[in-house]
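Subject: Handover of a structure and notes on it

Dear colleague,

Please find the structure below, together with its sequence. My notes on what was found in it follow directly after.

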Amino acid sequence: MAEAYKHHFYGHVEAEMKRYLGLLLLDPARFLDYTREYCGRVMSRLAWDDATQGRLNGESADTTLHCMSVSGPITNTVTPLWFLPSFINPWYKFEVKREREQRQWWINLFRIAKQRMLRGDLPSDTWAYRYFEQLRREGNVTLEQTKDQEDFASCMIGFLNLVGVVTISGPLKFYLMAMALHPHWQKKAQEEIDRVCGDRMPTMQDYEKLPIVRACLKETVRWRSGVPLGKFSDR
């Protein structure tokens, strides 16, 4: 993850942003769905070089977070209910099904990436490539593994996806809300971008030249922290 950050996420952020903004222009009422999908597409590119998994990646992360949250199933707050027999426990049955489908999805993507690695067409900037390359450095040239090893590795990469979606899509949504609530700051940020970037889209390379935009982003994270147990301020 540090390597991806050092290389500005290999241009995936900017590439997917164009699509995201186009969707917002066409149907702004679906900004929640599009924001989640945007983050899912970036993370799917980083993991497996497969942006088509973005929508499912975003939905999977959102559902998983809901199941972990105190605002999710009642079993998260009234814990004795979790121990009801499975045939009368809808929360348990839902979680078993959700977890099974998520694991199967991750292992399928992992195996597709492995086949691409063996064919030599898996990009070296993906997390899957870095994992398989590590296996080869350790002497496993054929990338053969046990089922448990594949399951562990696919979940490891899958959870990187999940964490990336839930920690970024939330602040992005709150940033949109902040700009709607404080249009004078939106105007200041727009003027700064126009002054620095002209007619082109801003990129990560412009970050240092955009102090107002940086301040708006940082204030959003302070104002509505993405940490589930963090302290929130309404001021």
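At a relative accessibility of 0%, Leu 143 counts as buried, where buried means under 20% relative accessible area, exposed over 50%, and partly exposed in between, with a 1.4 Å probe and protein chains only. Leu 143 sits in the loop between α6 (127-137) and α7 (147-181). Its phi is positive, about 65°, although Leu 143 is not a glycine. A positive phi, near 60°, is also found at Asp 49, a residue other than glycine. Asp 49 belongs to the loop between α3 (31-48) and α4 (54-68).

**Basis of the model**

Please note that this is a predicted model, in which local features need pLDDT of at least 70, side-chain atom pairs count only at pLDDT 80 or more, and totals for chains, interfaces and linings use all residues. Residues are numbered from 1 along each chain as its sequence is written, and side-chain values use heavy atoms, with hydrogens and water left out.

**Overall build**

The protein has nine helices and zero strands, and its pattern along the sequence is α-α-α-α-α-α-α-α-α. Helices (H or I, at least four residues) and strands (E, at least two) are DSSP runs, numbered from the N terminus. Taken along the principal axes, the box filled by the C-alpha atoms is roughly 55 × 50 × 30 Å.

Of the 235 residues in the protein, 35% are buried. The accessible surface comes to about 14,500 Å², and 61% of this surface belongs to carbon and sulfur atoms; the areas come from the Shrake-Rupley method with a 1.4 Å probe, and for residues only the protein chains shown count as cover. Among contacts (heavy atoms within 4.5 Å) with a separation of 6 or more, 55% are between residues 24 or more positions apart.

There are 33 positive and 29 negative side chains, and the centres of the two sets lie 3 Å apart. Lys and Arg count as positive and Asp and Glu as negative, while His and the chain ends are not counted. Each charge is placed at NZ of Lys, CZ of Arg, CG of Asp or CD of Glu.

**Pocket and cavity**

Rolling a probe the size of a water molecule over the atoms shows where empty space is left. On a 1 Å grid over the protein atoms alone, a cavity is a set of points where a 1.4 Å probe fits but cannot get out; a pocket is an open set with protein on both sides within 12 Å along at least five of seven lines; lining residues have an atom within 4 Å of a point. Grid points are joined across faces, edges and corners, and a volume is the space filled by probe spheres set on the points.

The largest pocket has a volume of about 2,100 Å³. It is lined by 46 residues, of which Val 13, Met 17, Tyr 38, Leu 172 and Leu 217 are the closest to its centre. Two or more lining residues come from each of α2 (12-26), α3, α7, α8 (183-197) and α9 (211-223). Which element gives the largest share of this lining? It is α7, with 11 residues.

By the cavity rule, the count is one cavity of 30 Å³ or more. The largest cavity has a volume of about 40 Å³, and its lining consists of Glu 16, Arg 19, Tyr 20, Leu 23, Tyr 34, Glu 37, Tyr 38 and Arg 41. The elements that give two or more residues to this lining are α2 and α3.

**Three further residues**

Glu 150 is in helix α7 and, at 10% relative accessibility, counts as buried. Leaving aside residues up to four places away in sequence, Glu 150 touches Ile 107, Phe 110, Arg 111, Lys 114 and Gln 145.

Phe 152 also lies in helix α7, but counts as exposed at 61% relative accessibility.

Ile 74 is placed in the loop between α4 and α5 (90-119). Ile 74 is partly exposed, with a relative accessible area of 39%, and touches Leu 81 and Trp 91, not counting residues up to four places away in sequence. Ile 74 and Lys 218, 144 residues apart in sequence, are 34 Å apart in space, C-alpha to C-alpha.

With kind regards
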